[in-house]
Amino acid sequence: MDVMGDKATLLETGRFAQSADFVQPTDLVQPSDRDETGEAAEEARLRLAVEAGEVEAMSVLGAMLLRRGDLDGAEPYLRGATTAGDRAAANNLGVLLYQRGYADDAAGWWRIAAVAGSAAAAHALGRHHRERGDEPAAEYWLRQSAEQGHALGAYALADLLEHRGDGGAEQWMRAAAERGHREAAYRLARALDRRHGREADGDGAVVPTEAETEAEQWYRQAAARGHRRAALQLGAILEKRGELKEAGRWYLTSAKDGEAQAACALGFLLRDAGDSESAAVWWLRAAQDGDGNAANALGALHAERGETQTAERWYRAAMDAGDDNGAYNLGLLCAEQGRTAQAEQWYRRAAYAGHREAANALAILLLQGGDTTGAEPWFSKAAEAGSVDAAFNLGILYAGRGTESEDVTALRWYERAAAAGHTEAALQVGIARLRDGDEREAERHLRCAAGGGSAEAAYRLAAVLDARRPAPSTHELGEHVHEKTECEEWYERAATQGHRRAQVRVGMLAADRGDVVEAARWYRAAAEAGSRNGAFNLGLLLAREGSEPEAAVWWTRAADAGHGRAALRLALVYARRGELAEGQRWADRAVSLGPAEVSERAARLRDALRQELSA
């Protein structure tokens with residue numbers, strides 16, 4: 001069963017909003033890795049220094065208490081240090097007031113610290129103005145912060161400029177990423193991804209562009225810093241490149257951090273590696289987190305096991321998650337079970353939601369029910385939405401109406417499907433071009449179809465090339481040199497796919513080379529598949545080898561299928577044996593079957609046998 005939604009396309013779902021918490025390390029103190037005992041000792045030392053009147057110690061102690069959440073304890077120290085002119089304390093006092101809910105008071109202290117040169121305060125003040133809708137003021141202070149090398153300031157400035165569509169956004173996003181801001185690295189990679197193209201090297205192989213390579217580097221930086229969406233995108237890049245082991249590691253990292261799409265993608269990697277049980281575990285995790293694609297995958301897995309009720313439950317879960325593939329897959333499941341009315345219901349639901357393959361399936365269902373009028377608009381809708389199969393089916397629909405104008409319309413749809421790589425459509429275009437005498441275009445389309453696996457196209461292409469083939473070259477001693485040509489290769493490809501006329505033609509070419517065994521093999525294959533020409537030629541070959549009784553068996557099969565020459569051969573065989581009545585019967589049969597020259601010879605033989613019988 002062809003289930004839609006096999007692999008998720010990794011789409012950006014929006015920006016990661018930065019927290020509104022403006023708490024930053026002060027200009028003087030960075031977060032410490034000391035244990036509780038060490039921190040207590042440090043706090044005691046700072047308190048002694050504060051008692052001795054050290055302003056810097058007062059600022060650091062206030063920051064320590066602020067990070068601990070002790071706002072009441074931190075405030076007097078921060079106010080004291082701020083009064084003494086410590087800019088870090090002014091910034092942190094702003095943070096404290098913001099946390100208490102006094103945003104305007106906080107902004108006043110941030111302004112004081114920012115004017116004194118605090119990049120952290122300028123960032124916080126810029127964020128404050130942006131929240132208030134004052135973008136010019138926000139840009140001014142964020143730019144002050146960014147130009148001082150503050151990573152968060154650079155990121156916030158880039159976000160503001162990007163929101164306005166300003167071309168300078170990437171410069172500041174890059175600056176933030178270079179300073180280790182993981183969200184900036186992720187968003188920079190996404191921006192590069194959106195505009196990259198692909199180039200081919202000298203051998204025609206697809207190679208990453210410079211933008212793609214840079215995007216991957218930024219994804220790596222963000223993923224290494226714990227950005228789960230970056231890890232997901234990095235996994236997708238590596239999977240596309242065939243580096244499945246490393247892709248799996250990044251998917252796993254992202255999935256463990258709660259990224260449902262990564263869990264789903266990891267499931268597909270495991271499934272492709274033959275571990276369906278482990279795949280189901282990750283699909284289940286992703287589906288429970290609302291990933292419709294994973295729910296569809298679980299549905300398909302249970303459907304393959306014959307657990308249709310469980311499959312239906314997961315397809316419904318996919319629908320509930322907003323994945324239209326769930327309705328389409330439910331339609332497929334019902335159709336497979338013969339529940340046509342329910343299949344139509346689910347196909348319609350998916351088709352109305354814009355699912356092109358569901359629209360095509362619905363049209364086929366209606367057509368099978370005899371509702372051609374109802375089927376046509378759904379085929380059209382699916383084809384216009386890009387369904388190659390629907391375009392081909394429209395071609396069939398129009399071609400079946402038999403009028404010249406409808407044939408033109410049919411050809412247009414066949415050409416559209418052929419341009420998208422549809423093998424059978426390319427064959428139909430090739431046949432139409434042959435009929436119109438445009439051999440060059442016919443050959444082009446037949447090659448596409450034959451390359452796509454169409455045995456009929458391979459046979460027709462071989463016939464086109466065969467007609468151009470010059471007479472065989474002659475060796476100096478007068479012997480014919482039989483070199484395998486391209487047309488023979490196409491005949492053989494069609495023959496190996498079971499094409500009966502191609503098998504007969506390959507047998508004839510082998511016979512021309514004197515390879516009786518090979519010729520007999522192909523004639524027999526064609527004859528056993530129902531080819532009357534194959535049966536006739538096999539009979540000729542056997543008769544030449546002295547096996548006339550067996551030859552008569554194959555001629556009988558060919559004559560019964562309407563082969564006039566085979567009937568004439570049988571008439572001659574029975575006449576030589578003296579079985580005149582049987583010979584006359586086969587001669588009569590040959591007269592009725594033709595062609596003209598056979599009918600003429602058979603009539604003469606029949607009259608002679610009749611005279612012999614009446615004598």
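Analyst: Happy to. Arg241 is partly exposed, with a relative accessible area of 37%. Please keep in mind that this is a predicted model.

The partner of Arg241 is Glu216: their side chains meet in a salt bridge, at 2.6 Å from N to O. Arg241 sits in the loop between α12 (228–240) and α13 (244–256), while Glu216 belongs to helix α11 (residues 210–224), so the pair ties together parts that are 25 residues apart in sequence. The two ends of this bridge have unlike surroundings. Glu216 is buried, with a relative accessible area of 12%, because anything under 20% counts as buried. At 37%, Arg241 falls in the partly exposed class. As background, side chains of opposite charge can pair when their charged atoms come close.

Arg68 and Glu43 form a salt bridge in which the closest N and O atoms are 2.8 Å apart. Here Arg68 lies in helix α2 (residues 55–68) and Glu43 in helix α1 (residues 36–51), so this bridge ties together parts that are 25 residues apart in sequence. Arg68 counts as partly exposed, at 43% relative accessibility, and Glu43 is buried, with a relative accessible area of 15%.

Arg460 forms a salt bridge with Glu456, with 2.8 Å between the closest N and O atoms. Both residues are in helix α26 (residues 455–468), and being 4 residues apart they are separated by about one helical turn. Arg460 is partly exposed, with a relative accessible area of 27%.

Salt bridges that share partners join Glu216, Arg220, Arg241, Glu243 and Glu246 into one network. Across the whole structure, a search finds 52 salt bridges.

Now for the wider chain. It has 34 helices and 2 strands. Of its 615 residues, 48% count as buried. The chain exposes about 30,200 Å², and carbon and sulfur atoms supply 47% of that area. Among contacts between residues at least 6 apart in sequence, 48% join residues at least 24 apart.

Glu75 is found in helix α3 (residues 71–83) and is buried, with a relative accessible area of 18%. Leaving out residues up to four places away in sequence, Glu75 touches Leu93, Leu96 and Arg100.

Ser387 lies in a loop, the one between α21 (372–384) and α22 (388–399). Ser387 is buried, with a relative accessible area of 1%. Setting aside its neighbours within four places in sequence, Ser387 is in contact with Arg356, Glu357, Asn360 and Ala382. Ser387 and Ala420 are 33 residues apart in sequence, with 9.3 Å between their C-alpha atoms.

Thr423 is found in helix α24 (residues 423–436). Apart from residues up to four places away in sequence, Thr423 touches Ala449, Gly452 and Ser454. Thr423 and His445 are 22 residues apart in sequence and 9.0 Å apart in space, C-alpha to C-alpha.

A cis peptide bond joins Gly594 and Pro595, with omega at about 5 degrees. Most peptide bonds are trans. Pro595 lies in the loop between α33 (580–593) and α34 (596–614).

To return to where you started: Arg241, in its loop, is bridged to Glu216 in helix α11, and both residues belong to the network that also includes Arg220, Glu243 and Glu246.

Definitions and conventions
Residues numbered from 1 in each chain as written. Predicted model: local features only at pLDDT ≥ 70, side-chain atom pairs only at ≥ 80, totals over all residues. Heavy atoms only, no water. Contact = heavy atoms within 4.5 Å. Buried < 20%, exposed > 50% of the residue type's maximum accessible area, 1.4 Å probe, protein only. Areas by Shrake-Rupley, 256 points an atom, 1.4 Å probe, with all protein chains shown as cover. Salt bridge = Lys/Arg side-chain N within 4 Å of Asp/Glu carboxyl O.
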